[in-house]
Amino acid sequence: MSLLEIRRLTHSFGENLLYKNAEFALNKGEHIGVVGQNGTGKSTLIKLCTKQILPDEGQIKWQPNITIGYLDQYAEIDHNITMHDFLKSAFSNLYQIEKEMTLHYQKAGTGDINALNLAARYQEKLEQYDFYNIDTMIERVANGLGLVSIGLERSIAQMSGGQRAKIILAKLLLEKPDILLLDEPTNFLDKEHITWLADYLATLGNAFMVVSHDYEFLDRIANRICDIDNHTITKYFGTYTEYVKKKTLLREDYVRQYAAQQKEIKKTEEFIRKNIAGRKSRMARGRQKQLDRMDKMEALEQKENKPYFHFQTVPLTNTEHLIVKQLSIGYYYPLLSDITFSVKGGQKVVITGFNGIGKSTLLKTLIGYIPAIQGEHKFSNQVTIGYFEQDLMWSDLERTPIQIVSDSYPHLVAKEIRKQLAQCGISSKHATQPIGTLSGGEQAKVKMCLLTLTSCNFLIMDEPTNHLDIQAKEALKTALSEFPGTVLLVSHEEAFYRDWAQKIINIECRM
């Protein structure tokens, strides 16, 4: 029996059909990468599997008595405990067994033979689950995800959002559920820790499903690819690279078969039209019956045009336009101290450092969203800022992309708004849906559209590629490399900025 069986799944968001009679099975030991363009329903699949939403039609059935671990990067956690205590809670059931064991050993000291036998069984179970090496296991996972350098005894209240997301992932890995469901787990990880996670998952005996736009990561971890396309789910055996080759060949073959069938249908319909009332009417009616019984192939949906981003600019000289001196940043406690650097007009600058160190906090401090704890930073009078925030937050999740753009740019007519959204990769159908029903990638494109409508000469962008598919990433890379103004970018994807970045600032080095 499969660990997970999905049968005849049909699901829509408003008029946007995601699945139609889709079938899928997850078997023991399968390492599945979930792929598809933005908006096809990758994250929705995970939410359906975890019963966060219910399908319109069909069945989603888990094997009984299995444990499912779901990565919720936004889960509420107790801020008053230390990271180490939070990670120890992954073994709460074992600590409870230890308490029972201790209690029964105490009873055995009074001569209770049954208590001694029970205590021995409890100890055997603890040894089976490697209880006495818990601290070693915690340190291994925490070190792999870059948490040890932060300090295991550090309070969660002192951590950035990225650091908290990593400790949630760390706890999930320590719990070792029968099945892992991970939605974009690399969004808060840098290159070194992505490599560690890839090695960890690749050697994991348990099954998992991972949604990711990081195709190099998928190539390392997946032995199956679940492709969501054309309202269905197709499982491919092999790596991501092998999947791409297979899908290309299958798609070309399908297109040829469809074209041949359409040609035959047209020829038959023409014969029927000409002969239905003539001497060959019986033959024409026979052809009509054959046509009615034919298993007609569905046309593949035409893909939306590739997104195109273009950032409007205003003039800027090449003198220094941002000066940062001995800056300390954070919320209640400093995350980073003594940061010093400068940026000239027209420079393409990337800020790096392990995820959770405070890069997003630094950007929010620079643009004035949060106050600096110490030090100074100053933009020149020539600077006009355009800011892309990585968090997908909206004041009203029921507003549509058209309404959201109209709210910010009321002078634009609906036709122009639709044109701008389409240019950024938002289909006419998605443009009229509530923003809360769109995928992370589509929401990111709406934010990008808002930014392209703003004239600026200093773009500040925080992890803009987190939710984008490969086509959108390529479009954004082109737009930033061609932008004549200044770019200050935070990104964990070296492959994204490698070709056009002119300066790298590693804030781990306290420049």
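Biologist: Is the crossing of α6 and α7 left-handed or right-handed?

Modeller: The crossing of α6 and α7 is left-handed, meaning that the near helix is turned anticlockwise from the far one by less than a right angle. This is a predicted model, where local features need pLDDT of at least 70 and side-chain atom pairs count only at pLDDT 80 or more, while totals for chains, interfaces and linings use all residues. Residues are numbered from 1 along each chain as its sequence is written, and side-chain values use heavy atoms, with hydrogens and water left out.

Biologist: Which residues make the contact?

Modeller: K166, L169 and L173 come from α6, and H193, W196, L197 and Y200 from α7 (contact means heavy atoms within 4.5 Å).

Biologist: And at what angle do α6 and α7 pack?

Modeller: About 20°, with the axes of α6 (residues 161-175) and α7 (residues 191-202) 13 Å apart. That makes α6 roughly parallel to α7 (angles under 35 degrees count as roughly parallel).

Biologist: New topic: how many aromatic pairs does the structure hold?

Modeller: Ten, where rings of Phe, Tyr and Trp (its six-membered ring) pair if their centres lie within 6.5 Å. In one of them, the ring centres of F379 and F458 are 5.3 Å apart and the planes sit at 90°, so that pair is edge-to-face (planes over 60 degrees apart).

Biologist: Are F379 and F458 buried or exposed?

Modeller: Both F379 and F458 are buried, which is under 20% relative accessible area with a 1.4 Å probe, protein chains only.

Biologist: Which residues form an aromatic cluster?

Modeller: Y215, Y236, Y240 and Y243 form one.

Note on methods
Axes are lines fitted to C-alpha atoms, for helices over the stretch in contact, and angles run from 0 to 180 degrees between N-to-C directions. Helices (H or I, at least four residues) and strands (E, at least two) are DSSP runs, numbered from the N terminus. Angles under 35 degrees count as roughly parallel, over 145 as roughly antiparallel, 65 to 115 as roughly perpendicular and the rest as oblique. Rings of Phe, Tyr and Trp (its six-membered ring) pair if their centres lie within 6.5 Å; planes under 30 degrees apart count as stacked, over 60 as edge-to-face and the rest as tilted. Buried means under 20% relative accessible area, exposed over 50%, partly exposed in between (1.4 Å probe, protein chains only).
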